[in-house]
Amino acid sequence: MTDPRGLPGHDESFWMDSTDSAPHAPLSEDIEVDVAVVGGGIAGLSTAWELARAGRTVAVLEADRIAAGVSGYTTAKVSALHSLVYDRLQETRGPEGARLYATSQQDAVERVAGIVDELHIACDFERVSAYSYAVTPSSADKLRAETHAAIEAGLPVTYGTETELPFPVGGALRLDGQAQFHPRRYLLALADDLLRRGGRIFERSRVTGLSEGAPCRVTTEAGRTVTAGDVVVATHYPVFDRALLFARLSPRRELVVAAPIAADLAPKGMYITEDEGKRSVRSTPLDESRRLLIVTGESFTPGTGNVSESFLRLDAWMHERFPVEATAYRWAAQDNDPTDTVPLVGPLHAGARHTYVATGFGGWGMTGGVLSGRLLTALITGGTLPWAGLYDPRRLKSTLREAPALLSQQLDVAKHFAGDRLRTAHVDTVEEVAPGTGAVVRLKGRRCAVYRDPEGAASVVSARCTHLGCLVAFNEAETAWECPCHGSRFGVDGAVLQGPAVRPLERMDEVLGGDGS
């Protein structure tokens with residue numbers, strides 16, 4: 001299956017395509033609850049469910065549909081083996097920090113397994129081994145160092161040079177007892193149980209305001225208010241940033257291709273390497289005789305690079321190495337990398353008393369989201385967990401140690417903020433934008449993001465991201481405008497697809513007159 005651009009497969013996540021869900025009504029009246037959770041992905045739903053289980057009244061406010069944002073486009077690995085993280089943690093957080101990280105991540109793996117059993121969730125949950133592998137000799141050296149660090153952190157990992165992959169590797173680190181599942185089926189079942197416990201879910205209810213106090217109040221773009229004793233911001237990238245968390249997060253987007261493969265030829269484990277532009281491999285049940293091979297890679301900053309070429313390169317890699325059928329699906333996933341490696345889960349800022357945040361999962365949002373639910377529930381209900389200090393967003397020492405990474409991230413933002421304004425537009429009129437593509441064009445003295453559909457009709461919106469004003473760029477492969485500074489994404493009509501922006505790009509239809517379109 002191909003599209004007019006020559007890209008393979010159906011432009012949708014398998015997880016989304018293989019599940020249906022009943023809609024939840026938007027918030028239409030002011031309400032009061034114990035806790036308001038902003039965001040309906042795995043972090044938000046896990047937190048809401050844990051809180052409801054602890055006896056709190058909870059409302060989930062989702063800007064679009066629950067389990068349909070980042071959590072609907074993940075690769076859904078549930079693992080404590082996170083590529084090459086433990087050697088770095090030994091340096092930045094010390095042996096005890098690495099041990100707490102490993103313990104908390106494995107606790108999240110077991111929490112998922114326990115919830116699947118407790119709620120009898122049919123979500124293709126499978127216990128498998130996780131592997132980090134190397135292709136080059138230098139990467140093999142790093143992998144051996146990671147092996148020692150992971151063992152010191154308490155993980156029963158082993159190192160070898162043989163895997164079930166149909167190509168040679170330079171080395172592989174293995175951790176048994178990990179898991180994979182269908183994330184949407186898991187989360188929709190969790191949401192159903194949340195409702196049975198008295199929780200409330202509101203979709204198409206974008207939150208645009210937060211007033212901290214006792215109580216707190218959150219307001220939606222429709223003008224409705226939720227009064228709550230506590231508020232959790234679980235919007236992947238925080239839509240409220242009163243601790244300048246955006247300076248400690250780097251958005252990253254990765255591409256995914258998936259194709260059917262005979263069940264007896266599919267890898268039984270989950271694999272990841274930092275080599276070859278990063279590659280991640282797993283499979284999931286498809287039918288009685290086949291599984292769906294899911295391959296992820298080609299990391300890039302939103303709003304940069306040639307995404308179509310990257311999709312084709314990833315697809316070619318999959319077909320060259322695995323005996324798959326024609327590519328069935330393609331999609332993309334977005335992650336936020338914290339500058340000091342560890343997610344930010346806890347109080348929203350130094351002065352926060354009743355507001356909390358969960359963000360910065362660095363590509364490991366399945367365990368990170370479940371971990372967040374456990375940790376935030378403990379904090380809100382007066383309990384504690386041994387790793388609370390490790391994830392506390394107010395930490396300073398590790399942030400200072402990671403100052404070079406933080407500075408590099410901010411230099412990238414400054415480069416885009418200033419440099420993109422100085423760059424001369426490649427086209428000068430709407431007519432020069434090819435049908436089916438988009439470009440930033442200066443019209444009547446303003447930078448405009450112009451998209452022309454395949455028939456040539458133009459949609460014109462402001463090219464300035466509504467988060468902090470960086471210029472957006474067009475992602476042709478996904479037909480979206482993307483901000484390279486902090487990862488906000490917009491539809492061709494300007495609608496917000498992904499935060500931290502909460503307001504759409506301004507429509508600029510008035511500039512079309514006289515431009516021949």
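**Figure 1. Helices α2 and α8 meet along their sides.** I42, A43, S46, T47, E50 and L51 in α2 are in contact with G365, M366, G369, V370, S372, G373, R374, L376, T377 and I380 in α8; contact means heavy atoms within 4.5 Å. Helices (H or I, at least four residues) and strands (E, at least two) are DSSP runs, numbered from the N terminus. The model is predicted: local features need pLDDT of at least 70, side-chain atom pairs count only at pLDDT 80 or more, and totals for chains, interfaces and linings use all residues. Residues are numbered from 1 along each chain as its sequence is written, and side-chain values use heavy atoms, with hydrogens and water left out. The axes of α2 (residues 42-53) and α8 (residues 365-380) come within 8 Å and cross at roughly 35°. Such axes are lines fitted to C-alpha atoms, for helices over the stretch in contact, and angles run from 0 to 180 degrees between N-to-C directions. The crossing of α2 and α8 is right-handed, that is, the near helix is turned clockwise from the far one by less than a right angle.

**Figure 2. Y186 belongs to the largest nonpolar core.** A nonpolar core is a set of buried Ala, Val, Leu, Ile, Met, Phe, Trp, Tyr and Cys residues joined through side-chain atoms within 4.5 Å. Buried means under 20% relative accessible area, exposed over 50%, and partly exposed in between (1.4 Å probe, protein chains only). The largest core has 83 residues, of which Y86, Y186 and Y391 touch the most other members. Helix α4 gives the most to this core, with 10 residues. Apart from its neighbours within four places in sequence, Y186 is in contact with V112, I115, V116, I121, C123, F181 and V370.

**Figure 3. R330 and D11 form a salt bridge.** A salt bridge is a side-chain nitrogen of Lys or Arg within 4 Å of a carboxyl oxygen of Asp or Glu, and the structure holds 33 of them. In this one, the N to O distance between R330 and D11 is 3.9 Å. R330 lies in strand β16 (residues 329-338) and D11 in strand β1 (residues 10-11), so the pair ties together parts that are 319 residues apart in sequence. R330 is buried, at 1% relative accessibility, whereas D11 is partly exposed, at 39%.

Figure 4. The closest N and O atoms of R197 and E118 are 3.5 Å apart. R197 is in the loop between α6 (183-196) and β8 (200-202), while E118 is in helix α4 (residues 94-119), 79 residues away in the chain. R197 is partly exposed, at 34% relative accessibility, and E118 is partly exposed, at 35%. The network links R53, E118, D193, R196 and R197.

Figure 5. R313 is partly exposed, at 44% relative accessibility, but E298 is buried, at 9%.

**Figure 6. Four strands form an open antiparallel sheet.** The strand order is β22-β23-β24-β25; two strands pair if DSSP finds at least two bridges between them. Strands β22 (473-475) and β25 (496-498) stand at the edges with a single partner strand each, so one side of each has no neighbour in the sheet. Strand β24 (residues 489-490) pairs with β25 in the antiparallel sense over two bridges. F490 has V496 in β25 as its bridge partner.
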